Amino acid sequence: MSAATAIPMQGTPVSEYTLALRRVLRRPLTILCLFILLGVGAASLLAPWIAPYPYDAIDLKLGSTAPSAAHWFGTDVLGRDLFSRVLHGGQISLAVGIVGSLVSLLIGVLYGAIAGYKGGRVDELMMRFVDLLYSLPYLFLVIILLVFFSNSILMLFVGLGMVQWLTMARIVRGQVLALRNAEFVQAARLFGTRTAGIITRHLLPNMTGPIVVYGTLTVPHVILQEAFLSFLGLGVQPPRASWGTLISDGAGLMSLFPWLVFFPAATLAAVLFSLNYLGDSLQEVLDPRSQRGSK
């Protein structure tokens, strides 16, 4: 036996995060959720090219037609193809969820990091402002904003992202309070690193796990709130539609034409479930306490 074969080969060390990620990806439900999100996201993004009919094409002769080979999800009361409208509606619902979550994360992370790092009176004043916003009825504020300013997509983004950042600010503040006196932060101070550099280069990279997990769980929350506002008639205006407006339009006729509610509601429910499940899975991967508990 040669020396090369006598020495046992040692594999590359695998981190706990990699092992946890492999466990999560071996679950059939995780693969199904990823397939749903990628499929719905790609179909919505490519809706202008793959939708069989224009989303606003009216044909009164086909009003409230049941699902068929020509119209997979049926048609609404104006004869518009429901499958095409669900695809185009996904563009708005997913965009609202993603953009609203990114806005809330940007504000929440910066606000919480500054409050936690500064501490003292600055932290006290900043967090009392957060408590004040928490005490206000959130949806009532969004409704007032949409009614008094403009009921547009841009204002919907602003309204949904306006207070979503509060919880993230608290999470980041707590993490920064626990890390601001750590040795690597003190060493950065000794080398003359400014506050912005300490926060962006030293503190935030050590909080990636909670930020990613909460950001993932914020997307379905924002989508659901947009659907609720659209159900009240305060969301996207005709002829455009989101999943929430499609559900609202079909709710009054559900007993006669159940497909008007079933297909947009089923699509919304599948996306929300997939996002929530993947968010919980990411928490298991990125949270060391979850990893220890699963062993």
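**Reading salt bridges in a predicted model**

Student: With which residue does E124 form a salt bridge?

Tutor: E124 pairs with R128, and their closest N and O atoms are 2.7 Å apart. The two residues are four positions apart in helix α6, which spans residues 120–135, so about one helical turn separates them. E124 is partly exposed, because its relative accessibility is 42%.

Student: Which side chain meets that of R128 in a salt bridge at 2.6 Å, N to O?

Tutor: That side chain belongs to D131, which lies in helix α6 with R128, three residues away or about one turn of the helix. D131, at 26% relative accessibility, counts as partly exposed.

Student: Which residues are linked in a network of salt bridges?

Tutor: The network links E124, R128, D131 and R170.

Student: Turning to the salt bridge of D76 with R85, are these residues buried or exposed?

Tutor: Buried means under 20% relative accessible area, so D76, at 9%, counts as buried, and R85, at 4%, counts as buried too. The closest N and O atoms of this pair are 3.8 Å apart, and the distance is read against a cut-off of 4 Å for a salt bridge.

Note on methods: Residues are numbered from 1 along each chain as its sequence is written. This is a predicted model: local features need pLDDT of at least 70, side-chain atom pairs count only at pLDDT 80 or more; totals for chains, interfaces and linings use all residues. Side-chain values use heavy atoms; hydrogens and water are left out. Buried means under 20% relative accessible area, exposed over 50%, partly exposed in between (1.4 Å probe, protein chains only).
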